[in-house]
Amino acid sequence: MKKARLATLWLDGCSGCHMSLLDIDEAIIAVAQQADILYGPLVDAQEFPLDIDVAVVEGAVSSEDDLEKIQLVRRNSRILVALGDCAVTGNVPAMRNTYAVKTILERVYIEGADVNKGLPGVGAPTLRKRATPIHDVVKVDLHVPGCPPSAKSILFVLQELLAGRIPDLKSSTRFG
Amino acid sequence: MAAQISIRIDGELCAAAEGETIFDVAEANGKFIPALCHMEGVSSAGSCRLCLVEVAGVDRLLPACTTPAQRGMAVTTGSERLKQHRRLALELLFVERNHYCAVCVSNGHCELQALATKLGVTFVRYPYNTPRLPVDVSHPRFVLDHNRCILCSRCVRVCDEIEGAHVWDIAGRGIGSRVVAELDKPWGESQACTSCGKCVQVCPTGALVEKGYAVEEMTRSRGAVTRLGAKKGTAS
């Protein structure tokens with residue numbers, strides 16, 4: 001049987017969802033037997049590959065860079081999973097949304113800095129006006145809330161998707 | 001004694017006393033109707049719209065907590081249409097203010113969060129409003145965080161009807177509505193507040209909490225407030 005092509009992506013989040021993914025422990029071996037993990041913070045790949053079956057995305061869309069990445073992932077993936085509260089609701093990254101970007105940057109990089117006061121310049125991704133859930137900018141096929149979602153629910157989601165089913169999460173996950 | 005009547009709930013014949021609400025009859029007959037503003041022991045407000053039900057012969061949906069059961073009524077509590085409306089009501093509560101479950105003192109003990117889980121709401125379809133709202137920490141023991149308030153008005157009712165102090169009201173209109181202490185004073189300056197904490201014990205979310213708790217630490221002991229429904233002892 002042809003192995004499924006799996007990828008993960010880390011946008012504006014704390015990587016806790018990826019940690020929770022690793023918390024599936026030895027079950028990752030079974031996942032690896034069914035799927036090749038081709039891209040993500042856990043994989044040494046530079047370019048997001050074509051023809052991905054399942055893309056699991058952690059984090060909110062906060063910067064123009066995040067937006068470009070998620071649009072590419074959407075184009076190249078059949079099933080896109082929003083993993084965790086940041087991807088699903090905006091969560092902590094979205095707490096900045098009540099303030100203007102300029103106000104936040106000045107607060108952090110000028111008022112809050114002891115040395116080298118100044119706004120981030122060339123090379124730093126431009127922050128978008130609001131940090132948003134992924135489904136605000138691209139179509140999402142499955143939402144898995146939680147901060148982070150438990151390893152158990154992540155494994156369930158992966159197993160179901162790899163078996164060709166869209167998992168019914170019912171009440172197995174929650175916000176927060 | 002009120003006359004005994006019977007109504008049908010989801011096809012099942014249920015005995016009721018005249019004057020009882022649909023919600024109470026349903027509950028007494030072991031049927032689940034979701035609610036966030038209704039609380040046994042105080043009057044009903046019908047503000048959260050989670051308990052909407054269908055009544056045969058009535059075009060619009062009716063809140064079960066404020067609609068009296070009437071002889072021969074046929075009530076539906078769980079149709080697809082109701083599920084859609086309840087989901088919508090929950091989603092609109094989530095987008096209206098700032099409910100960041102992950103960093104809330106009430107995480108894991110919140111009725112809004114628990115109901116989303118129970119009703120299978122795994123994401124919200126509408127853009128978040130993210131208003132900038134104040135947090136009143138002027139009271140020596142308690143905090144009022146407007147970011148988490150869903151305007152259920154349980155605090156208003158418990159303070160007025162059980163404590164008898166009537167510190168709380170809801171000021172403003174529509175999306176600008178706010179819970180206010182003593183006609184809009186900082187809570188700590190309220191003369192009428194007895195610091196009994198009943199409002200804190202009945203709050204379904206993380207809007208009214210005790211000071212000194214970190215994320216997930218704010219549990220409530222509803223049972224400590226006598227005259228409230230004992231079986232609903234603690235939240236979630």
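The conversation below takes up the sheets, the helices, the core and the contacts in turn.

Modeller: This is a predicted model, in which local features need pLDDT of at least 70 and side-chain atom pairs count only at pLDDT 80 or more, while totals for chains, interfaces and linings use all residues. Residues are numbered from 1 along each chain as its sequence is written, and chains are lettered from A and ligands numbered from 1 in the order in which they are written.

Biologist: What makes the 5 strands of chain A an open sheet, and in which order do they stand?

Modeller: Strands (E, at least two residues) and helices (H or I, at least four) are DSSP runs, numbered from the N terminus. Two strands pair if DSSP finds at least two bridges between them. In chain A the order is β2-β1-β3-β5-β7, with parallel pairing. β2 (35–39) and β7 (142–144) of chain A each have a single partner strand, so one side of each is left without a neighbour in the sheet.

Biologist: How do you know that β1 and β2 of chain A are joined?

Modeller: The parallel strands β1 (residues 4–10) and β2 of chain A share 4 bridges, and the criterion asks for at least two. Ala4(A), for example, stands opposite Ala35(A).

Biologist: How many bridges link β5(A) to β3(A), and how many link β5(A) to β7(A)?

Modeller: There are 6 bridges between β3(A) and β5(A), in the parallel sense, and Val54(A) has Ile79(A) as its bridge partner there. Between β5(A) and β7(A), also parallel, there are 3 bridges, and Ala82(A) is partnered by His143(A).

Biologist: Why is β5(A) called mostly covered?

Modeller: A residue is buried if 20 or more other C-beta atoms, placed from the backbone, lie within 10 Å of its own, exposed if 12 or fewer, and partly exposed in between. In β5(A), 5 of the 7 residues are buried, and the strand is therefore described as mostly covered.

Biologist: Is Lys69(A) buried, exposed or partly exposed, and why?

Modeller: Lys69(A) has 19 other C-beta atoms within 10 Å, and is therefore partly exposed. Lys69(A) lies in helix α3 of chain A. Arg107(A), in helix α5 (residues 101–111) of chain A, has 12 C-beta neighbours inside 10 Å and so counts as exposed.

Biologist: What does Lys69(A) contact, leaving aside its neighbours within four places in sequence?

Modeller: Two residues are in contact if their C-beta atoms, placed from the backbone, lie within 7 Å. By this rule Lys69(A) is in contact with Leu9(A) and Leu11(A). The C-alpha atoms of Lys69(A) and Leu9(A) are separated by 8.6 Å, although the two residues are 60 apart along the chain.

Biologist: Which residues touch the most other members of the largest nonpolar core?

Modeller: A nonpolar core is a set of buried Ala, Val, Leu, Ile, Met, Phe, Trp, Tyr and Cys residues joined through C-beta atoms within 7 Å. The largest has 104 residues, and Ala55(A), Val57(A), Val81(A) and Cys155(B) touch the most other members. Its largest share, 5 residues, comes from strand β3 (residues 52–58) of chain A. Among the contacts of Val57(A) are Leu9(A), Ile70(A) and Ile134(A).

Biologist: Why is this core said to lie between two domains of chain B?

Modeller: Domain 1 (4–78) and domain 2 (85–232) of chain B both give residues to the core, so it lies between them. The bounds come from an automatic or database domain assignment. The C-alpha centres of these domains of chain B lie 25 Å apart. Their contact takes 15 residues from domain 1 and 22 residues from domain 2 of chain B.

Biologist: What does each chain give to the contact between chains A and B?

Modeller: Chain B gives 20 residues and chain A gives 23 residues. The chain B side divides into 11 nonpolar, 7 polar and 2 charged residues. Here Ala, Val, Leu, Ile, Met, Phe, Trp, Tyr, Cys and Pro count as nonpolar, Asp, Glu, Lys and Arg as charged, and the others, Gly among them, as polar.

Biologist: How do you know that β8 and β9 of chain B pair?

Modeller: The antiparallel strands β8 (residues 168–171) and β9 (residues 178–181) of chain B are joined by 4 bridges. Trp168(B) stands opposite Ala181(B).
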